[in-house]
Amino acid sequence: MKITVDEEKCCGAGQCVLIAPEVFDQRDEDGVVVLLDSAPPAGQHEAVQESAAVCPAAAIHLHEDA
């Protein structure tokens, strides 16, 4: 799994950080998402998928490995 985030879309809700703190963080100054791991291990995939599903701005994009 590869992850990309659209910082322009991010509204800083922080749900991704609560669900998958090993993969996502937020900038202190504006709360915009920071991607910590663009290719997380399999054990994180479920949390990452949930984070993408609950993101109110749809700023998290998941890409399956080819």
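Reader: Why does Ala47 count as buried?

Author: Buried means under 20% relative accessible area, exposed means over 50%, and partly exposed is anything in between, with a 1.4 Å probe and protein chains only. Ala47 comes out at 18%, so the label is buried. Before we go on: this is a predicted model, where local features need pLDDT of at least 70 and side-chain atom pairs count only at pLDDT 80 or more, while totals for chains, interfaces and linings use all residues. Residues are numbered from 1 along each chain as its sequence is written, and side-chain values use heavy atoms, leaving out hydrogens and water.

Reader: Where is Ala47, and what does it touch?

Author: Ala47 belongs to helix α2. Helices (H or I, at least four residues) and strands (E, at least two) are DSSP runs, numbered from the N terminus. A contact is a pair of heavy atoms within 4.5 Å. Setting aside residues up to four places away in sequence, Ala47 touches Ile19 and Ala20. The C-alpha atoms of Ala47 and Ala20 are 5.6 Å apart, although 27 residues separate the two along the chain.

Reader: What about Gln44: buried or exposed?

Author: Gln44 has 19% relative accessibility, so by the same cut-off it counts as buried. Gln44 sits in the loop between β3 and α2.

Reader: How many residues are in the largest nonpolar core, and what makes it a core?

Author: The name goes to a set of buried Ala, Val, Leu, Ile, Met, Phe, Trp, Tyr and Cys residues joined through side-chain atoms within 4.5 Å. The largest such set here has 17 residues, and those with the most contacts inside it are Ile3, Cys16, Val23, Phe24, Val48 and Ile60. Helices α1 (15-19) and α2 (45-54) each supply at least two of its residues, and α2 gives the most, with three. Take Ile60: not counting residues up to four places away in sequence, it touches Ile3, Thr4, Val5, Cys16, Phe24, Ser51, Ala52 and Cys55.

Reader: How do you know that Arg27 and Glu7 form a salt bridge?

Author: The rule asks for a side-chain nitrogen of Lys or Arg within 4 Å of a carboxyl oxygen of Asp or Glu. The N to O distance for Arg27 and Glu7 is 3.3 Å, so the pair passes. Arg27 lies in the loop between β2 (24-26) and β3 (33-35), and Glu7 in the loop between β1 (2-5) and α1, so the bridge ties together parts that are 20 residues apart in sequence. Arg27, at 27% relative accessibility, is partly exposed, and so is Glu7, at 41%.

Reader: Which other residues pair with Arg27, and what makes these bridges a network?

Author: Glu29 is one partner, its closest N and O atoms with Arg27 being 3.6 Å apart. Asp30 is another, at 2.6 Å, N to O. Salt bridges that share partners join Glu7, Arg27, Glu29 and Asp30 into one network. The count comes to three salt bridges by this rule. Glu29 has 64% relative accessibility, so it counts as exposed, whereas Asp30 is partly exposed at 41%.

Reader: What makes Ala58 worth a look?

Author: Its phi is near 55°, a positive value in a residue other than glycine. Ala58 is in the loop between α2 and β4 (60-63), and a relative accessible area of 39% puts it in the partly exposed class.
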